[in-house]
Amino acid sequence: MTIQEIQEEIVEEFSSFDEWMDKYAYLIELGNDLEPFDDTYRLDQNLLDGCQSKVWLHAWMDDGKVYYMGDSDAIIVKGIVALMIRALSGQTPEAILDNELSFIDKIGLKEHLSPTRSNGLVAMIKQMRLFALAFKAKQV
Amino acid sequence: MSLDIQHIRGQFPILHTEVYGKPLVYFDNAATTHKPARVVNKVNEIYHTLNSNIHRGVHYLSNQATLAYEEARKKVQLFVNAPNSHEIIFTSGATAAINLMATSFGDTYIKEGDEVIISTMEHHSNIVPWQLMCKRKKAVLKVIPLFENGELDMQAFENLLSEKTKLVSVAYVSNSLGTVNAIPEIIEKAHSNNTPVMVDAAQAVQHLNVDVQELDVDFLVFSGHKIYGPTGTGVLYGKEKYLNEMEPWQGGGEMIKSVSFEETTYNELPFKFEAGTPNIAGVVGLGEAIDFVSELGLDNIAAYEHELLQYATARLNEIEGMRIIGTANNKSSVISFLVKEIHPFDLGTMLDKMGIAIRTGHHCAQPVMDFYKIPGTMRASLAVYNTKEEIDKLVDGINKVAVLFG
Ligand SMILES: Cc1ncc(COP(=O)(O)O)c(C=O)c1O
């Protein structure tokens, strides 16, 4: 699936929730289900400290595609990390750099990406793109 | 006298706003309190009717503005029972007042090898300025340790005192634990060591009666915005004998008597420490806030808040997995807590969606969090306009959310 298709799929999933509680319950579920973070990568250089919560992000390249592994100590943040990974992991660097992540806004979670929340998510999105940029540079 | 809380609530328009379509429940009062309409109106009135710079104009408005500003100083003096109004210095907040102290007191009295004592429970504002000063002066910062319940180890404090101790600077009330420190005892011990004491009363003056003469405290600071006043206002009280000797902090207009390039003579107190144009309307607004608090009566406020604190503590303790951080005998209306393994950010986010405003994180007191080996807490801090019904909403909210986290 392309990033665009995945984003549409996520928006579709979230459209079934009328109550904010259900939406957050789902985020918590996604957070709990996120593939465990490999502790060998739990390094300071992979830590995006958001003051309120922490985010860890690791990325690697395999066969022209970028893969991400992420984690957070706060479960709601971790749920959003899971969504980001679902949207971008396994895509080419070009696709990652070319696509806007519009789904967060559409599913009503934009407030969590505001710099004032200082939860590490803003830094994480930036870092995901930076990884893609670095891998792209290495390719040529 | 018991207070009419609904009447008090009526004076705070913001308490009647809705967030996410739900009535606001505001429990972040230790960060800043809301302002009653009379304070906001007073600030407005200053700008609308007597806006002018102070202490320097011959004209009518300047004179009126100066009178209003100096009247606010008088109000603060009476509020903390300072002997003289010129011992009241206006600053932009508690942080600025402590920085003033660290610089001016430090420059005047502290030499290499000297020591300043603070405590583990200080707000970063009462840590970092002293660290900076110690670095400049090659002085040493000593820290009073905590007990598990959030009280200071007074024996350890006594042991820290020596002829090297030049100042003790501690919080009256901890913003992260709610502990009310034994300030009279700290002052007595420090004074018998000939050491002056600065009290950070940022979390105290809005909750309990503070009388600087009764305490015989040497310096005391607080912020206007935490006592129902405007942001950008604060106070340093200092004993005249020290303030007269101390070097000025910032240089500029208003704080000088005469300036030439060879020599500048400083103005008298309090102007020596008030360089530049101050927050005139804000300070007058602070005077109004002090009237608001004084009319309610701090003893009445303290009694009501104590009742709220006891109610909230009991109700929160009904919650499964509740852990209250800070269980000192003498506590002010600040409750830090954790619920099971739930991350404060998660619980704070969910409560926010229910219209309940609490603070999450380390509350600018990281050494306290390190002491308890936790990354942060949730903190509900109460003010005189809070109610038991609001506490019930908080408890219901936590119970509702906790099930989601398993
Ligand atoms: C105990 C204590 N001291 C100092 C401060 C700093 O106050 P301000 O930020 O108003 O300067 C605070 C504010 O939270 C506080 O709680």
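Predicted model: local features only at pLDDT ≥ 70, side-chain atom pairs only at ≥ 80, totals over all residues.
Me: How much of chain B counts as buried?
Reply: The C-alpha atoms of chain B fill a box of roughly 70 × 55 × 35 Å along the principal axes. To count as buried, a residue needs under 20% relative accessible area. Of the 406 residues in chain B, the share that passes is 58%.

Me: In chain B, what share of the contacts with a separation of 6 or more comes from residues 24 or more positions apart?
Reply: A contact here means heavy atoms within 4.5 Å. Among the chain B contacts with a separation of 6 or more, residues 24 or more positions apart account for 71%.

Me: Is B:Arg379 buried or exposed?
Reply: B:Arg379 is found in strand E17, residues 377–381 of chain B. Buried means under 20% relative accessible area. B:Arg379 has 0% relative accessibility, so this arginine counts as buried.

Me: Which backbone oxygen does the side chain of B:Arg379 reach?
Reply: Several residues touch B:Arg379, among them B:Phe27, B:Asp28, B:Ile358 and B:His363. B:Asn175 is also one of the residues it touches. At 2.9 Å, the side chain of B:Arg379 reaches the backbone oxygen of B:Asn175.

Me: How far apart in space are B:Arg379 and B:Ile335, C-alpha to C-alpha?
Reply: In sequence, 44 residues separate B:Arg379 and B:Ile335. The two are also in contact, as B:Ile335 is one of the residues that B:Arg379 touches. From C-alpha to C-alpha, their distance is 5.5 Å.

Me: How many residues of helix H12 in chain B are buried?
Reply: Helix H12 of chain B covers residues 344–353 and is mostly covered. Its buried residues include B:Pro344, B:Asp346, B:Met350 and B:Lys353. Of the 10 residues in the helix, the buried ones number nine.

Me: Which residue just after H12 of chain B takes a positive phi?
Reply: H12 of chain B spans residues 344–353. Just after this helix, a phi of about 90° is taken by B:Gly355.

Me: What is the relative accessibility of B:Arg73?
Reply: B:Arg73 has its place in helix H3, residues 60–80 of chain B. Residues touching B:Arg73 include B:His55, B:Phe90, B:Phe271 and B:Glu274. B:Arg73 counts as buried because its relative accessibility is 1%.

Me: What pattern does chain A follow along its sequence?
Reply: The secondary structure of chain A comes to six helices and three strands. Read along the sequence, these elements follow the pattern α-α-β-β-β-α-α-α-α.

Me: What radius of gyration does chain A have?
Reply: The C-alpha trace of chain A spans about 45 × 30 × 25 Å along its principal axes. A compact globule of 140 residues would have a radius of gyration near 14 Å, and chain A agrees with this, so its value is 14 Å.

Me: How far apart do the centres of the positive and negative side chains of chain A lie?
Reply: Chain A has 13 positive and 24 negative side chains.

Notes: Residues numbered from 1 in each chain as written. Chains lettered and ligands numbered in written order. Heavy atoms only, no water. Buried < 20%, exposed > 50% of the residue type's maximum accessible area, 1.4 Å probe, protein only. Helix = DSSP H or I, 4+ residues; strand = E, 2+ residues; numbered from the N terminus. Polar contact = N/O pair within 3.5 Å; in protein donor to acceptor, adjacent residues only side chain to side chain. Rg over C-alpha atoms; globule rule 2.2 N^0.38 Å. Lys, Arg positive; Asp, Glu negative; His and termini not counted. Charge placed at Lys NZ, Arg CZ, Asp CG, Glu CD. Lists of a residue's contacts leave out its neighbours within four places in sequence.
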